[in-house]
Amino acid sequence: MSPVIRTRELTRRFGDFVAVDRVSFEVERGEIFGYLGANGAGKTTTIRMLCGLLPPSGGEAEVNGVDVARDPSAVKRSLGYMSQRFSLYLDLLVEENLEFFGGAYGLGGAHLRRRIDEVLELVELGHERRALTRALPGGLRQRLALASATLHEPSILFLDEPTAGVDPGARRVFWRLIRALSAGGTTVFVTTHYMDEAEFCQRIGLMVDGRLVALDTPDGLKREHVPGQICEVDGPQVHRALELSRTLEGVLDAQPFGAAAHVRLDPARLGPEGLLAALERGGLQQINVRPTEPSLEDVFLAVIETEGRRS
Amino acid sequence: MIQHGDSAPVLEAEGLERRFGAVNALRGLSLSVRPGEIYGLVGADGAGKTTAMRVLAGLMAPDAGTARVMGEDPLRGAGALRSAIGYMPQHYSLYGDLSVEENLRFFSRMFCQSRAEYRERRERLLRITRLEPFTGRRADALSGGMYKKLALACSLLPRPRVLLLDEPTNGVDPVSRRELWALLFELVSEQMGILITTAYMDEAARCHRVGLIHHGRLLMEGPPAELLARFPHRVIEVESPPGAGDAEQLVEGHPQVVTTAAAGRRLRVVVRRDGQDVLERLLAGVGAQARQVAPSFEDLFLTATASEDKP
């Protein structure tokens with residue numbers, strides 16, 4: 001396999017602020033590559049450089065074998081980009097939006113009509129083709145934006161927080177589409193703040209303050225960055241359980257997790273039974289302690305904390 | 001458990017209806033928020049969440065039903081009532097070319113606060129939002145999470161008793177989300193009442209009570225733990241080792257299956273209680289391993305809205 005995206009020491013400065021700091025990675029054809037990080041960590045700046053929209057200040061990036069600094073317009077033709085605030089014309093019909101964007105990509109005639117049929121089928125919007133875009137709920141608009149980004153059959157798709165603020169049902173449908181595209185050979189480079197979505201990625205790069213601080217499969221990241229044993233603690237007094245856990249010898253970390261808490265133990269010093277006993281000694285009742293696997297959210301928080309201490 | 005039962009609600013909706021042309025955005029919505037409570041309103045895009053917020057904030061009259069804030073009509077209330085309501089819409093407009101400090105001062109003047117009052121509020125709000133080190137930074141240059149915290153600080157200037165937050169964590173990274181939630185818990189510990197909408201189901205699970213809104217009315221309401229305890233179905237997680245049959249194809253459309261969702265490499269299946277054995281045998285037949293897991297808030301949300309939409 002040869003990589004379709006390759007960066008070496010890719011850097012972007014704005015004045016004396018380094019938004020992207022010597023980032024090197026490769027993405028394989030057909031891969032779903034997740035690019036995670038806090039707000040302002042440099043994710044969007046990286047994508048804009050890879051899409052030929054922003055020249056790098058240093059290092060290099062190749063997309064489909066083309067140097068983004070040397071030939072940005074050739075790069076643009078071979079990829080699809082869906083930005084955080086994707087732009088659709090709200091006062092056009094669904095199919096008119098696709099005709100407009102198809103024209104912008106240089107498509108026309110029978111070829112464009114065929115592609116419109118295909119992308120509408122792909123994103124399951126065939127029944128809405130004569131609908132006014134303004135009348136579509138957010139989840140359907142997002143699928144229309146995906147359709148318009150894939151009209152010209154790009155081999156790489158860049159999706160910058162495509163599901164921000166979208167409800168769980170619509171997010172689920174969207175990811176089914178992403179997996180279908182990837183299975184068909186399209187490379188997907190995606191950013192998200194939903195850690196459950198990040199589980200769908202084959203590999204994940206984690207950005208902190210412009211630097212790529214971790215790059216691995218979801219399982220690899222969990223093994224590497226969340227040492228110890230995670231226990232899920234729930235019961236009617238989760239708040240107190242959290243406070244109490246933080247004071248215990250052998251507890252590495254304790255964080256709220258949905259309605260429950262995730263408590264990370266150093267197994268050499270404290271096990272799940274020991275934690276339960278300590279919480280009960282502290283006066284907590286009806287408390288449950290269950291060993292569980294770390295989530296990517298645990299990884300994210302652990303890495304950010306480590307890196308934050310370093311800088 | 002946190003006790004709210006005895007105090008009068010700070011926010012009440014009773015039979016709210018609101019129509020936009022042919023669309024019934026609200027169809028008899030009733031809910032109440034008590035002091036010291038975080039009430040989460042969750043629902044799909046277009047379910048009526050934002051309309052409910054706007055009516056309760058006194059920005060829009062309902063066609064029928066009543067809205068009450070501190071026992072008064074928010075549309076007619078005097079200035080004192082207006083300053084008791086803090087409302088943060090999805091797209092809160094700060095002045096991008098003003099600094100953090102200048103934005104706070106501007107909004108303080110809008111709320112007709114004295115200099116002494118401003119100094120006191122400024123000090124406290126910068127401290128709880130941890131924005132102190134950034135007072136000189138332009139709002140445009142803030143990260144998404146910090147921008148939201150500044151918006152929240154501005155809406156907290158007049159010491160509101162009720163806070164209406166419309167998807168405040170949309171597009172905010174996991175670390176900043178955690179900080180924002182810690183802040184909300186601090187505010188309700190001072191007896192503020194908070195109504196919040198969110199697309200993150202882990203956040204919904206952290207509210208004191210949650211209402212699930214669908215097509216303009218509540219499908220269910222209660223403390224998250226109680227709603228989960230009332231969940232009528234079983235949830236199983238299926239792992240297909242290499243060489244096993246396609247579990248998703250096998251269970252999709254099965255009459256005992258309520259919903260399915262891929263979660264990373266695993267498949268999550270919500271199955272009717274009496275169908276669990278049948279399904280597990282079926283899966284074992286193709287070499288897939290299934291185990292029962294606790295239902296999550298996302299299972300609850302997807303199941304409730306899916307069964308409601310079935311003809």
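Axes here are lines fitted to C-alpha atoms, for helices over the stretch in contact, and the angles run from 0 to 180 degrees between N-to-C directions. Helices (H or I, at least four residues) and strands (E, at least two) are DSSP runs, numbered from the N terminus.

What you see above is a predicted model, in which local features need pLDDT of at least 70 and side-chain atom pairs count only at pLDDT 80 or more, while totals for chains, interfaces and linings use all residues. Residues are numbered from 1 along each chain as its sequence is written, and chains are lettered from A and ligands numbered from 1 in the order in which they are written.

I begin with the helices of chain A. Two packed helices are described by the angle between their axes and the distance between the axes. For helix α5 (residues 138-150) of chain A and helix α6 (residues 168-183) of chain A, the axes come within 9 Å and cross at roughly 15°, and α5(A) and α6(A) are therefore roughly parallel to each other. The crossing of α5(A) past α6(A) is right-handed, where right-handed means that the near helix is turned clockwise from the far one by less than a right angle, and left-handed that it is turned anticlockwise. On the α5(A) side the contact is made by A:G139, A:Q142, A:R143 and A:L146, and on the α6(A) side by A:A170, A:F174 and A:L177; two residues are in contact if their C-beta atoms, placed from the backbone, lie within 7 Å. Those residues divide into four nonpolar, two polar and one charged, with Ala, Val, Leu, Ile, Met, Phe, Trp, Tyr, Cys and Pro counted as nonpolar, Asp, Glu, Lys and Arg as charged, and the others, Gly among them, as polar.

Helix α5(A) also packs against helix α3 (residues 94-104) of chain A, where the axes come within 9 Å and cross at roughly 30°, so that α3(A) and α5(A) are again roughly parallel to each other. This crossing, too, is right-handed, and in it A:V94, A:N97, A:L98 and A:F101 of α3(A) meet A:L144, A:A147 and A:S148 of α5(A). Here the division is five nonpolar, two polar and no charged.

Staying with chain A, strands β9 (residues 203-208) and β10 (residues 211-216) run antiparallel and are joined by five bridges; strands count as paired if DSSP finds at least two bridges between them. A:L206 has A:A214 in β10(A) as its bridge partner, and in the hairpin, which has two residues between the strands, A:D209 takes a positive phi near 50°.

Now to chain B, whose secondary structure comes to 11 helices and 13 strands. Its C-alpha atoms fill a box of roughly 75 × 45 × 40 Å along the principal axes, and of the 311 residues of chain B, 45% count as buried, meaning that 20 or more other C-beta atoms lie within 10 Å of the residue's own, whereas 12 or fewer make it exposed and anything in between partly exposed.

One open sheet in chain B has three strands in the order β2-β1-β4, with antiparallel pairing. Because β2 (23-33) and β4 (64-69) stand at the edges with a single partner strand each, one side of each is left without a neighbour in the sheet. The twist averages 25° from one strand to the next. Strand β1 (residues 11-20) pairs with β4(B) over five bridges, and B:E12 stands opposite B:R68 in β4(B).

Across β1, β2 and β4 of chain B lies helix α1 (residues 49-56), running at about 120° to β1(B). Six of the eight residues of α1(B) are buried, so this helix is largely enclosed by the rest of the structure; among them are B:M53 and B:V55.

Finally, how many residues of chain B are in contact with chain A? There are 30, and they meet 29 residues of chain A. Helix α11(B) gives the most to that side, with five residues, and the side divides into 15 nonpolar, nine polar and six charged. From the chain A side, A:G258 touches B:D202, B:A205, B:R206 and B:F297, and with 22 C-beta neighbours inside 10 Å it counts as buried.

Technical notes:
Parallel < 35°, antiparallel > 145°, perpendicular 65-115°, else oblique. Lists of a residue's contacts leave out its neighbours within four places in sequence.
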